[in-house]
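The following exercises are to be worked through with the structure in view. Each task is followed by a solution in steps.

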Amino acid sequence: MRAVVTRRAGTMEVGEVADPGEPGAGRVVVRPEAVGICGSDLHFLTGELATPPAFGPQYPRVQGHEFAGVVEALGPGCPPGLAVGRRVAVHPLSSCGRCRACRIGRGNACPNFRLVGVHVDGALAERVEVAAGQVFDVGDLPPAPAAFCEPMSIAVRALERGAVAAGDAVLVLGAGPIGQAVTLGALDRGARVLVTDVVADRLAPAAAAGADQLHIGGADVVGAAREWSGGEGPAVVLDCTGHPAAIADAVEVVAPAGRVVVVGISHERVALPIDAFTRKEIDLLGSTVCTAADFAEAVRLVGRHREHVERLVTHQVPLEEAPAAVDHALRHPADVLKLVIRTEGA
């Protein structure tokens, strides 16, 4: 079958790969229709996102973990609610079920997890096989917004970690796709939201959803956010950048007894003042991928706000043009908010 294959770090091309064939017990074959490209896809392509050696060779790999498609075949033992021909979004993570994180119901933090499109071949292909438990019916959602259920699930998890509630003053640092999803989810919960970004154009979708916005090119983020929140600072700050300076700002500006949630991914280190924790008694929380319950809520959230989600998709191209489009997103990140590869008819 046709697929986009990352042959080695820096090399992505359209080629032929083996078809998954008939699904095994408890498995589903999905025909992808729309595949979103995110920052981790770009880091995998460049070799910056390394997989553990125990997981086998990193390349070649068919990428694509944010996707929606149509159920094409069901293996024996699949739940009765699944049906051939239904459009679904796929929760790309599977966990080991044995480690401490899995045993306490937080398999999203499993150190042995496998991610479709990273550890096993993904959705930039004509067909992909996944476990039946990873498939969620999206009803009448169109393919592109249905593919956004995965990034929305990241936002749902972060909001759960931050216990965002109605009436909270919430600061979102970074207005990329995850920041937009976090903003939409926080507004849906009845929070008041301020979004910041260094790229002014990225603030417009958040504003259209109902958020306040702050272009931080040279602005005093801490002072402005503190004033916006009434002087004490936001109750919850969610960092969607992974930048050390942003995380330091989050710890400084968050209100006493407030919560800081780090969603952005980075290997950098950040220095923080110890007295911020003892003086303000703040919670500093991490957030990673999501649980199945978070994914189900993300499907509902995208369904409630499909028109806004559709506006976040700034670029769509067919499978054959995927390598060039991904290269453009890599070289010109400010130009692309959300790139979707349309895989129908691959």
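A strand is a DSSP run of type E with at least two residues, and strands are numbered from the N terminus. The model is predicted.

**Exercise 1.** Determine which strand gives the most to the lining of the second largest pocket.

*Solution.* Step 1: the pocket holds about 330 Å³ of space. Its lining has 22 residues, and the closest to its centre are His91, Leu93, Ser94, Ser95 and Gln134.
Step 1: β6 (93-94), β7 (114-115) and β8 (128-131) each supply at least two residues of this lining.
Step 2: β8 gives the most, with four residues.
Step 3: by class, the lining has 10 nonpolar, eight polar and four charged residues.

**Exercise 2.** Decide whether Gln180 is buried or exposed, and describe its surroundings.

*Solution.* Step 1: buried means under 20% relative accessible area. Gln180 has a value of 1%, and is therefore buried.
Step 1: Gln180 is found in helix α5 (residues 177-188).
Step 2: a polar atom of the Gln180 side chain lies 3.0 Å from the backbone oxygen of Ala175.
Step 3: beyond its neighbours within four places in sequence, Gln180 is in contact with residues including Arg202, Pro205 and His308.

Terms used. Residues numbered from 1 in each chain as written. Predicted model: local features only at pLDDT ≥ 70, side-chain atom pairs only at ≥ 80, totals over all residues. Heavy atoms only, no water. Buried < 20%, exposed > 50% of the residue type's maximum accessible area, 1.4 Å probe, protein only. Polar contact = N/O pair within 3.5 Å; in protein donor to acceptor, adjacent residues only side chain to side chain. Contact = heavy atoms within 4.5 Å. 1 Å grid on protein atoms, 1.4 Å probe; cavity = no way out; pocket = protein on both sides within 12 Å on 5 of 7 lines; lining within 4 Å. Points joined across faces, edges and corners; volume = space filled by probe spheres on them. Nonpolar A, V, L, I, M, F, W, Y, C, P; charged D, E, K, R; others polar.
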